[in-house]
Amino acid sequence: MVAQVFSSSLSSANIMLAIYEKKTVAVDLYRPLRNYIVFNYSEREAQNLEDDLQTLKQMRADLERAASDSLPARRDLLQSYYKALCAVESRFPISADKDHVNAVTFTWYDAFKNKQKASQQNIHLEKAAVLFNLGAVQSQIGLTFDRSSIEGRRQASHAFIAAAGAFAFLRDNESTKASMGSSATLDVSVECAGMLERLMLAQAQECVFENSIAKGSTPGVCAKISRQVGIYYEEALAALNVAPLKEHFDKTWLSHVQLKAALFYAEACYRYGLELHEKEEIAEEIARLKSGINALSEAKKSSSKGAAHQILDAINKLEGNLNRNLERAVKENDRVYLMRVPPASSLPPLPSFPMVKSMPMNEILDASKEKMFASLVPDSSAKALSRYTEMVDDIIRTQAEKLQQASELTRVRLKEMDLPDSILALEGNFTLPTTLKEDVEAVQISGGPAGLEAELQQLRDLRRVNQELLVQTEELLQKEATEDGQFRSQFGTRWTRPQSSTLTKNLQDRLNRFAANLKQASESDARIERSVRDHSALMSILDRRPIESALPTLARPIMSLDANEDAIVGALKQSLRQLETLGAQRAGLEDMLKEMKRKDDILPKLMASTGSYEDLFRKEIAKYDNICEEILQNIEAQDQLLLQIQAQNDQFAAVFNLEDYKASREKSYKQIEAAIAKYREIKENVNEGLKFYVTLQDAISNVKQQCSDFVMTRNIQCREMIEDVQRQMAGFSFQDKNAGGAYNYPSVGQPNQIPRSSSQQQMDPGSGPHPHRPQTPYYHHPPEQPTMPGYTHPPPPYTTAQPSPPPPYQAAAAGSGLPYPPQPQQPPAANQDYGQPAYPGWRGPYYNAHAQQSGSLPRPPYTVPSPYPPQHQSGYYRQ
């Protein structure tokens, strides 16, 4: 077997293959190419290109020698030589033609059958051999790494991926051209290059699998990676088992690849069985384990001869593990689960996951920037090539337009005939139009009409919370005013501080406006709930799952005279399948055109041509005639088929009463559209209400905090005044008679200040800085505020001369006093934080970020209070 093997200490089955290079014979490129330059250009040109000729000569000489350099150096040499060959190909036509370079013959031996050789005056044979050797060297590099370590396996996998890329590049670009002569070898054929690519990918994926085991990946992940290893080996085995490769490779190749394919299929069954056992899917586990055991048994019977003993040992070990797990699973199933074991043929394919793919070689082997022989491109050839390219582009553009017009005509005609929608409707597979389907799905994802009740409940809860906050704030001010009145009655004229009503007027006005806002909000909520009730029947169609179940169906006729409905439907469906086939052919023809243009490189012919360019152009353009003819035939066949479909569809529409069905279907579409529009309208109003209540709650909480601070400050002042009054009544007053009226407070808005000896001030609520909590920037105050003596601490602002902005409801300001009769409320908890969720039971999406549902509002930013009234409020809550 022409391969190298390596056994890793990690896995006894880690036997991998590397390909030997092809051998060649010496060939002189220097003299023939120089003579061609002298003959077609000049001696001076040949002298100018002497360095390039010598470089090319040295590369070929290094290639002919046995690989004595390091493998990376050999790889670099092959890549550089391939790019040099691309430069030679575009400038030196090598063939038996007397006007070409006809003194160069490339000879290469088969890598797997050393006695077979190919000799051609064809540079593509040389390029194909170089690409084959590049892949072989990359495979050898992969075996040099220590695959007993994770890093070594990673590097080996990368080398095998590069080898796969080289073989894939050989298959796609050079194999066919290298096999055009009478003398060719199978090792550079399309079939062999494809097989070697699969083999290298299998070994690269195998390294990834071993790393996944070493890293402790889950059984499910390991099973997918292992299964892909087996698939790659199975693809390589399939190529080895058919002509032309069947008799070309040694039997040990077949044994190795077949055993590896079976081994990794069984490994995938084993790992997948572990995952199934964890899920307690015992029946499928038993079936998978049996399938793996059968695969190993069959592989050993047919491929054990000539196989490496390490692979056979790994198979025997894995077979033992499979049998043990199978015995355990059977016992558990017989005793506990009692499941019916499905046959192996009924099991779905094992899941797989490719972790590797062939390395793209286009950039690595790109010769577009190769400077060798750059001066040999004649201007006439470059202009001729440009003209030929324009001719080809014109053909491609014209034919592509014809294909696109034919496809568009088909689409329009089928749309006019309502096909294939009517056939799908008859079979029960009809779906909504894409746009309408997406709108329905969006409604259902957001909760649908059935979810509106929960959102209405959120509105009711938020309204109740705001009402409770408002009542609690009113009670704070009422309680303080009551206490102030009691002391005023008790002490008479000695009680000299201002009445509470003069200090809380602005706060009370704001609370009255809030109450009016809530009243109108309640009316808006009622309109929303009434709209939901009124349109629930209309919107109920949106809760149907699937939505297609709400659509009318195209039924067969109740009575039929000749019972030929099935024949009519069958003929129409057959014609539609034919039309679909024609469409697929058009797509393939367009791809063929583009591929022909991509491979259409006539530069070597232009540079070697001694006759008229026009003759060469006509000859080269002629190769597009066949595909243009195929396009014309395709379009003509489609035109005839469309006429046939039109007649069949007319008959179908008459038998199945298609017009009535279309009318009913359009009516259902309009009903769904109306339901979506109404749902969106209600949803928008609900969302607007939720935003309104959240913003209003923040504003009320802010005012409540101001009222709490005001009450606290008044209580401190009250105690101080009681002490002073008691001292006066006992005859121990220490007041300065000339500074009488220390507690003569100015009225709200009074400009003058009466300082107290302690330099403390009392301020109207709503003015001045807040002692504990920064005032929200949305409540602005005038620069001048009255001050009051008698405070031991700087009080919060209370008298706000600037009026609050108008409420979003456009409601008239309520009169003095409460805007509605106070309702009995439960006293708030001592630790209630009114800037946080409204009450402990509230867990809606507006206060709980983790509970947010799709389509709900984001949680308001409580760290920065929102302005009240909310800006850009929609008109629904302003009515």
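Me: What covers the buried residues of helix 3?

Reply: The cover includes helix 1 (30-40), helix 2 (43-48), helix 4, strand 1 and helix 5 (123-144). Keep in mind that this is a predicted model, where local features need pLDDT of at least 70, side-chain atom pairs count only at pLDDT 80 or more, and totals for chains, interfaces and linings use all residues. Residues are numbered from 1 along each chain as its sequence is written, and side-chain values use heavy atoms, with hydrogens and water left out.

Me: Which residues of helix 3 are buried?

Reply: Asp52, Leu53, Leu56, Met59, Arg60, Asp62 and Leu63. Buried means under 20% relative accessible area, exposed means over 50%, and partly exposed is in between (1.4 Å probe, protein chains only).

Me: What makes helix 3 a helix, and how does its reach compare with the span expected?

Reply: Helices are DSSP runs of H or I with at least four residues, strands are runs of E with at least two, and both are numbered from the N terminus. Helix 3 (residues 50-64) has 15 residues, and its first and last C-alpha atoms are 21 Å apart, close to the expected 21 Å. That expected span is 1.5 Å times one less than the number of residues. Helix 16 (residues 452-491) has 40 residues and reaches 59 Å, close to the 58 Å expected. Gly492 follows helix 16, with a positive phi near 65 degrees.

Me: How many helices and strands does the chain have?

Reply: The count is 24 helices and four strands.

Me: Why is Phe92 called buried?

Reply: Its relative accessible area is 1%, and the limit for buried is under 20%, so Phe92 is buried. Phe92 sits in the loop between helix 4 (71-89) and strand 1 (106-109).

Me: What is Phe92 in contact with, leaving aside neighbours within four places in sequence?

Reply: Leu33, Tyr36, Ile37, Val101, Phe373 and Leu376. Contact means heavy atoms within 4.5 Å. Ile37 is 55 residues from Phe92 along the chain, with 8.8 Å between their C-alpha atoms.

Me: Which residues touch the most other members of the largest nonpolar core?

Reply: Leu56, Phe92, Phe106, Phe112, Phe132, Leu196 and Phe373, in a core of 114 residues. Another core lies apart from it, with 44 residues, among them Leu551, Ala675, Ile676 and Leu690. A nonpolar core is a set of buried Ala, Val, Leu, Ile, Met, Phe, Trp, Tyr and Cys residues joined through side-chain atoms within 4.5 Å. In soluble globular proteins, nonpolar side chains tend to be buried together.

Me: What makes the bond between Ala243 and Pro244 stand out?

Reply: That peptide bond is cis, with omega about 5 degrees. Pro244 belongs to the loop between helix 9 (219-240) and helix 10 (251-278).

Me: How do you know where the predictor's confidence is under 50?

Reply: From pLDDT, the predictor's confidence in each residue, from 0 to 100. The chain has a mean pLDDT of 79, and 77% of its residues reach 70 or more. Over residues 1-13 pLDDT stays under 50, and the model has 44 contacts for them beyond four places in sequence. Residues 733-879 are also below 50, with 303 contacts in the model beyond near neighbours in sequence.
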